[in-house]
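Please keep the structure open beside the text.

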Amino acid sequence: MLDAVRPLPADPILGLIGAYQRDPNPDKVDLGAGVYRDRSGTTPIFEAVQAAERSLLASETTKSYVAPPGDPAFIRGVIDQLLGTDHPAVTDVRVGAVQAPGGCGALRLGAELIQRLRPGTPLWVSTPTWPNHEPLLGDAGLKIHAYPYYDHDAHAIDFDAMHATLAQRGPDDVVLLHGCCHNPCGADLTHAQWDAIGDLALERGFTPFIDIAYHGLGDGLDDDGYGVRTFAGRLPELLIAYSCSKNFGLYRERAGLVCAVTPSTETASAARTQLNSIARGIYSMPPAHGAAIVGRILADDKLTASWRDELDAMRGRLLDIRRVFAEAMAHRGADFGFIADERGLFSFLGISPEQVEQLRDHYSVYLVGSSRINVAGITEDNVEYLADAVAAVLDV
Ligand code: LMR
């Protein structure tokens, strides 16, 4: 059997990590995979994470299994940060939540739950969306469809087109939305637009599934959680996939959470049992360490305050460097002002695949073929080099 196995090309995003590492050019710039980098270009470990790890190490007494839904402090802490302790879905105990191996694990559990309930359910994703959404959710058996989202020429959301497509959906459909810091375009719904999509979901009966992987990196924890909070308050049902990879810097620890917000406590509890059984059938249980760190931080006021400060500083740097890059391009006669207006780690440069290749081959600047850049890869030290390279391939 195995002699039939054929190699596959590298992942379009993760494959860039190795290509960048192999490049000997000292001026190389990594704008590929979505990891935060500080001013020196490193991806730091949060001080709050280090403190939580030290305290875990000092107090841990066993490596025995955790109960199926996962670490209770982690689950409670994330839900409280996201929805708030006094949110009606929380006080009415209508959230069925299960710890997952990262945001990817959370998305897959959510998709498998939908597939168990209604095999082949149509799942609507934005155009564009994160390329991994398709295999993650489609391989569970859901039928992937696209709704319009980002207008590349206008560098903005085409909300009318999005609204018109979602207005045709019904109770058989699930609609995937990016909670904040849209990956790959960085253009987020305004509060009024979230409200309008919420109205549609109520009117048409479709189920929203919100992927929130950058909570706190757009406009702050409160603002970034607006869509999730209002939908959980207004709609009878909602699925949420939450990732702690970026906002706690725990990428390789795989700490995520899937939540089913349902009309009743009984349904939430039933959803939890289903999610547990799906996880048991795939990987049995998620890794404990990352979730234990998050649980410890969020259960401790001092660590939470320190984590929030560090997250604020990260967000501030992303906003600054977006502006600095747009200004550097303006000095070269090119308008990239939209990059300063977008949020989170990602934006499109809006250049062709050939120009992306030229950037890589001639300037050792690595970005995804769609021209998505991770703005955290830009620093005060490389921004002039990068702007020169982009200006050269654009011929401005
Ligand atoms: C990204 O989009 O670059 C990140 O979410 C990393 C990944 O897994 O693709």
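An oxygen atom of the ligand sits 2.9 Å from an N or O atom in the side chain of Asn-183. This is a polar contact, meaning a pair of N or O atoms within 3.5 Å; within protein, one must be able to donate a hydrogen and the other to accept it, and residues adjacent in sequence count only if both atoms are side-chain atoms. The model is a predicted one: local features need pLDDT of at least 70, side-chain atom pairs count only at pLDDT 80 or more, and totals for chains, interfaces and linings use all residues. Residues are numbered from 1 along each chain as its sequence is written, and side-chain values use heavy atoms, with hydrogens and water left out.

| Residue | Protein atom | Distance to a ligand oxygen |
|---|---|---|
| Gly-34 | polar backbone atom | 2.6 Å |
| Asn-183 | side-chain N or O atom | 2.9 Å |
| Lys-246 | polar side-chain atom | 3.1 Å |

Taken alone, the ligand exposes 260 Å², and the protein buries 84% of that (accessible areas by the Shrake-Rupley method with a 1.4 Å probe; for residues, only the protein chains shown count as cover). The residues around the ligand include Trp-130, Tyr-214, Phe-346 and Arg-372, where a heavy atom within 4 Å makes a residue near.

Asn-183 also takes part in a cis peptide bond, to Pro-184, with omega about 25°. Pro-184 lies in the loop between strand 7 and helix 8 (191–204). Helices (H or I, at least four residues) and strands (E, at least two) are DSSP runs, numbered from the N terminus. Another cis bond runs from Thr-127 to Pro-128, with omega near 0°; Pro-128 is in the loop between strand 3 and helix 6 (133–138).

Seven strands form an open, mixed sheet in the order 2-10-9-8-7-3-4, where strands pair if DSSP finds at least two bridges between them. Strand 2 (95–101) and strand 4 (143–148) are at the edges with a single partner strand each, so one side of each has no neighbour in the sheet. Strand 3 (residues 122–127) and strand 7 (residues 174–178) run parallel and are joined by two bridges, with Trp-124 opposite Val-175 in strand 7.

Finally, look at helix 13 (residues 301–331). Its 31 residues should span 45 Å at 1.5 Å a residue, and the end C-alpha atoms are 45 Å apart, which agrees; the expected span is 1.5 Å times one less than the number of residues. Asp-300 caps the N-terminal end of helix 13, placing a side-chain oxygen 2.9 Å from the backbone nitrogen of Lys-302. Just after helix 13, Gly-333 has a positive phi of about 85°.
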